[in-house]
Amino acid sequence: MTVSSGDNSVDTRGSLSKLAPLEAVLFDVDGTLCDSDPLHYYAFREMLHEINFNDGVPITEDYFVQNIAGKHNDDIALLLFPDDLERGLKFTDEKEAMFRRLASEQLCAINGLYKLKKWIEDHGLKRAAVTNAPRPNAELMISKLGLSDFFEAVIIGGECEHAKPHPEPYLKALQVLNVSKEHTFIFEDSVSGIKAGVAAGMPVVGLSTRNPESLLMQANPTFLIKNYEDPKLWAALEEFDTKEAGEKPEA
């Protein structure tokens, strides 16, 4: 049985307000800005079936979640083709091309994303996308969601020395934005991404878009939300406004 995020997470009251004054918010892309995992799963399942992977038995969604979701393509290629990495890398490149064809027509934003976008803009916060997706995928998704002008930087795991779950991509985002980890938090939807954010020393709000909440909690997010309309998120964000109002000198 999947345990609810309310049973696992820490009390959200004050759990982010220690970051005040807030400087920046960082976002993963796949599964965090948009519900793209079903498209990735479909592409992997169909293409692996075509080459008779697993003796022709299609991969399951559980297999995808446990072994593929959120990971960098170099690691996926090695997993799927341990004896022929070059073939694996060619396969993942072709799979990404299939994903982009699907995403160009079927991509949908996570519920509440544009409400959160407005809150971030209204508060004058810096923002970056930090993803293990290849740059063509990331830029396509961000563009299709109408967020190209929203993000000040797009950090690609494959363009760093180490991709997630290593903290380097998130540390690079801090450097590019010229902000402090003590005043920044992250939105992530995968175990790999949450681990990267936590290792970088920042609070991570996890989204249970597709991955099981019990699995995500093992990576130690600050708390979990269903989507950007979740009352737990807005209770935490209101803490910033309350704290800021309390620190303003009286007229």
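Visitor: In which loop is N220 found?

Guide: This is a predicted model, in which local features need pLDDT of at least 70 and side-chain atom pairs count only at pLDDT 80 or more, while totals for chains, interfaces and linings use all residues. Residues are numbered from 1 along each chain as its sequence is written, and side-chain values use heavy atoms, with hydrogens and water left out. Helices (H or I, at least four residues) and strands (E, at least two) are DSSP runs, numbered from the N terminus. On that numbering, N220 is in the loop between α10 and β6 (223-225).

Visitor: What is the phi of N220, and is N220 buried or exposed?

Guide: Most residues other than glycine have a negative phi. N220 is not a glycine, yet its phi is positive, near 65 degrees. Buried means under 20% relative accessible area, exposed over 50%, and partly exposed in between (1.4 Å probe, protein chains only). At 56% relative accessibility, N220 is therefore exposed.

Visitor: How does N54 count by relative accessible area?

Guide: N54 lies in the loop between α2 and α3 (61-67). Its phi is also positive, about 60 degrees, although N54 is not a glycine. With a relative accessible area of 44%, N54 is partly exposed.

Visitor: How are α2 and α5 oriented to each other?

Guide: Axes are lines fitted to C-alpha atoms, for helices over the stretch in contact, and angles run from 0 to 180 degrees between N-to-C directions. The axes of α2 (residues 37-50) and α5 (residues 85-106) come within 9 Å and cross at roughly 135 degrees. Angles under 35 degrees count as roughly parallel, over 145 as roughly antiparallel, 65 to 115 as roughly perpendicular and the rest as oblique. The two helices, α2 and α5, are therefore oblique.

Visitor: Which peptide bond is cis with omega near 15 degrees?

Guide: Most peptide bonds are trans. A cis bond joins A20 and P21, with omega about -5 degrees. P165 is placed in the loop between β3 (153-156) and α8. The cis bond with omega near 15 degrees runs from K164 to P165.
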